[in-house]
There are 2 protein chains.
Amino acid sequence: MKEIKAGLLGFGTIGKGVVRVFQNNAELLEKRLGARLTLARIADLDITTDRGISVAPAILTTSAEQVLTDPSIDIVIELIGGYEPARSFVLKAIENGKHVVTANKALLALHGEEIFSAAEKKGVQVMFEAAVGGGIPIISAIKENLCANNFRSIFGILNGTCNYILTRMTNEGAEFASVLKDAQAKGYAEADPTFDIEGVDAAHKLAILTALCFGTRVRFEDIYTEGVSQISALDIQFARQFGYKIKLLAIGKKDNGEIEARVQPTMIPLNYPLADVDGVFNAVRLVGDFVGPVMLYGHGAGMDATASAVMGDVMAIVRNLDAGGAGRTPAMGYQRQNIAAYPVKAMADIVSQYYLRFTALDKPGVLAQISSRLGQYEISIASMIQPEQQAGEAVPIVIMTHEASEANIRKALAEIDQLEVIQEPTRLIRIESELI
Amino acid sequence: MKEIKAGLLGFGTIGKGVVRVFQNNAELLEKRLGARLTLARIADLDITTDRGISVAPAILTTSAEQVLTDPSIDIVIELIGGYEPARSFVLKAIENGKHVVTANKALLALHGEEIFSAAEKKGVQVMFEAAVGGGIPIISAIKENLCANNFRSIFGILNGTCNYILTRMTNEGAEFASVLKDAQAKGYAEADPTFDIEGVDAAHKLAILTALCFGTRVRFEDIYTEGVSQISALDIQFARQFGYKIKLLAIGKKDNGEIEARVQPTMIPLNYPLADVDGVFNAVRLVGDFVGPVMLYGHGAGMDATASAVMGDVMAIVRNLDAGGAGRTPAMGYQRQNIAAYPVKAMADIVSQYYLRFTALDKPGVLAQISSRLGQYEISIASMIQPEQQAGEAVPIVIMTHEASEANIRKALAEIDQLEVIQEPTRLIRIESELI
């Protein structure tokens, strides 16, 4: 029986999950693969902390170099995270002829091109199912099964922290700050939660998904990114009154040779399947020209779910090696020479429906002042709520628009926010009511 | 550039979808594959009907033999359906060294073993993503990405006709017979709908999924199959009162080396994601020991969605051929010599919660008679509804049980249905309130 050896860089939470798969499911792996797959080396700066899992001391090392240069190791699993030294390690592994499996979305979103190019030159594979959607097999679905489709759109709930916070705000009517604090206490949010709550993590993942779906390169910097920290309980409550739920959506679209790529709080209809994806769950909805809409749902993070995705990739490489078919599918699903550079649409050029929450003094004629400014910029009103008012106080006025261009909305709001009756900057949330 | 040729058997609805992919997405296919994939031959008994699609007359033939013996054809796509001549054609294709892609669940559920064994001997691949769940990439998810998991359970909504009928019965309060008639008029149900509504189609698909998930062989005859024709609007209404929806579920479980495999109308909690899968959509929920729950959702049938799945398989074979890795993943996801023969649990041995609807004369003491029989067989009552009664008429009494064995339930109902006060055979629907 052929033996394939893997080496692990990073013995953190996900690393521990991977070790657990090797230990608990060794028999299953062999039954499926018909080859012996072993974990030969684990490198981490910390090899002394008790992780509650028994590992032969001889395979532990503090030197990544020992994994990267070990000629018996065929596959390097990179679970360090971040840009450096992960980037250097991955490039070194490739240079040494090793196949690479990584869960590192930040690395791929920023340095994917360099890594994939090096891998292709060297004839090794780089796989990264765990980088997006945790255990959900979304990357493989795009690259493999659904690969006969021209994709039209991607809508993803890709960050468990944001979804957990929005779900609790929705269910409890609580404000962002208090839920975040509790999420941190419970371990659902990092001590510094910026990457998650400001949408950076979701944007890394979207950069990968849009590239895979549309056969293009999407620079992370070109993705418009807006997080959830500005969402208030009031917006969530108004959304419900109109029949919507607020989710942090990663949105990718291709239309007329242009890409839209943005991460933003989005109102989606309550009866829509994505609206039911609550808590730390992730989901991705794709629309292909033949398959139509497809949704995949599951744990978007966590030790075991992510380890499942990592090991799926490792086993795919073993199968390729065993059958002599290494590199059967290119890293990004297209032959590299066929990857296009479609322009990413500027935010000013997108068209959307909008939820606008004005905070105005309760005076006669306020609505007329607002609506005339909207009208000047060809923004038409679909519906409006002005809750019962206490005379003299600042009151919310909520307007849902028909489709309008972002540029016009921005111009109208700039003028409206200058009006004397307007007390606070107007809140804007985009609506996706027909997920194409 | 390498050229790979496919031949198509069966130019019906799905066949037309496949031709449409070849025509509409030729450029995409080439960009992804880096090889030229062409449809060289189409065989159908009817090559004269106008299908609204333009095909070079020279590639049409009424002789399957011409496809099966053409030495230039690498891949045969079988879309004839049914057992024969599909079985003979597939075996002939394999014998002639051709790879096979099929959407034929009935064929695989009954003759899979013979076909896969022949293919392995000959060193060719048989792929069948389109056989279960239409465009949903469920088979590949099990065989490839999630293959590091020991699966615990599968719950599938796998038959669009049944789901369409149940959805309309639920939304409209209509009875089965009238909805079926309308579904037939609209083309959502066949003129002879038996295979669909009696659960046979779903059972074919479950035979394939249980085998793939659990690494075993499941004989189609061993799957308990109960369709939706006995479901009444009254049951749907009571289900809702208790917080449940009725769906035709295909259920597969593995526990202690035994398999459960059954297709049955099932009550599932309203707030459960599968409960929202309505109309002709299909969905499959899997639970793996590492990935946890995963759900895949999409069009379970139809020309284009099914063609998407067929072409995903064709492209996978092209990639394997191109990279020299044919046969990298065994047809059923496990090395053949490692496929087990776990016993399928007899229905009498399963344990479930039950919905029981008795039709009894409105007399004092009826409930006592029923509940004492249930108690004798260790069936305990979780809740009960006895709607307001019109004296002297037969009235429904609905009981939801705690977990009980099917054997005991059957014995208790046999006795209860003999009682003088019982007017009709008692209706039984199994409940799955914790989808493990």
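Residues are numbered from 1 along each chain as its sequence is written, while chains are lettered from A and ligands numbered from 1 in the order in which they are written. In this predicted model local features need pLDDT of at least 70, side-chain atom pairs count only at pLDDT 80 or more, and totals for chains, interfaces and linings use all residues, with side-chain values taken from heavy atoms, leaving out hydrogens and water.

Visitor: What rotation superposes chain B on chain A?
Guide: Copies are superposed by least squares on the C-alpha atoms of residues with pLDDT of at least 70 in both. The superposition has an RMSD of 0.0 Å and a shift along the axis of 0.0 Å, and the rotation is 180°. The two copies are thus related as by a two-fold rotation axis.

Visitor: Which residue of chain B comes closest to the rotation axis?
Guide: The distance is taken at the C-alpha and comes to 1.9 Å, and the residue of chain B in question is B:G325.

Visitor: Where is A:P85, which a cis peptide bond joins to A:E84?
Guide: The cis bond between A:E84 and A:P85 has an omega of about 5°. Helices (H or I, at least four residues) and strands (E, at least two) are DSSP runs, numbered from the N terminus. In those terms, A:P85 has its place in the loop between β4 (75–78) and α4 (86–95) of chain A.

Visitor: Is A:N256 buried or exposed?
Guide: A:N256 lies in the loop between β9 (244–255) and β10 (258–269) of chain A, and its phi is near 50°, a positive value in a residue other than glycine. Buried means under 20% relative accessible area, exposed over 50%, and partly exposed in between, with a 1.4 Å probe and protein chains only. Because its relative accessibility is 77%, A:N256 counts as exposed.

Visitor: Which are the buried residues of α1(B)?
Guide: Helix α1 (residues 13–24) of chain B has 12 residues and reaches 16 Å from its first C-alpha to its last, close to the 16 Å expected at 1.5 Å a residue, where the expected span is 1.5 Å times one less than the number of residues. What covers its buried residues includes β1 (3–9), α2 (26–33) and α12 (303–323) of chain B. The buried residues are B:G15, B:G17, B:V18, B:V19, B:V21 and B:F22.

Technical notes: Contact means heavy atoms within 4.5 Å.
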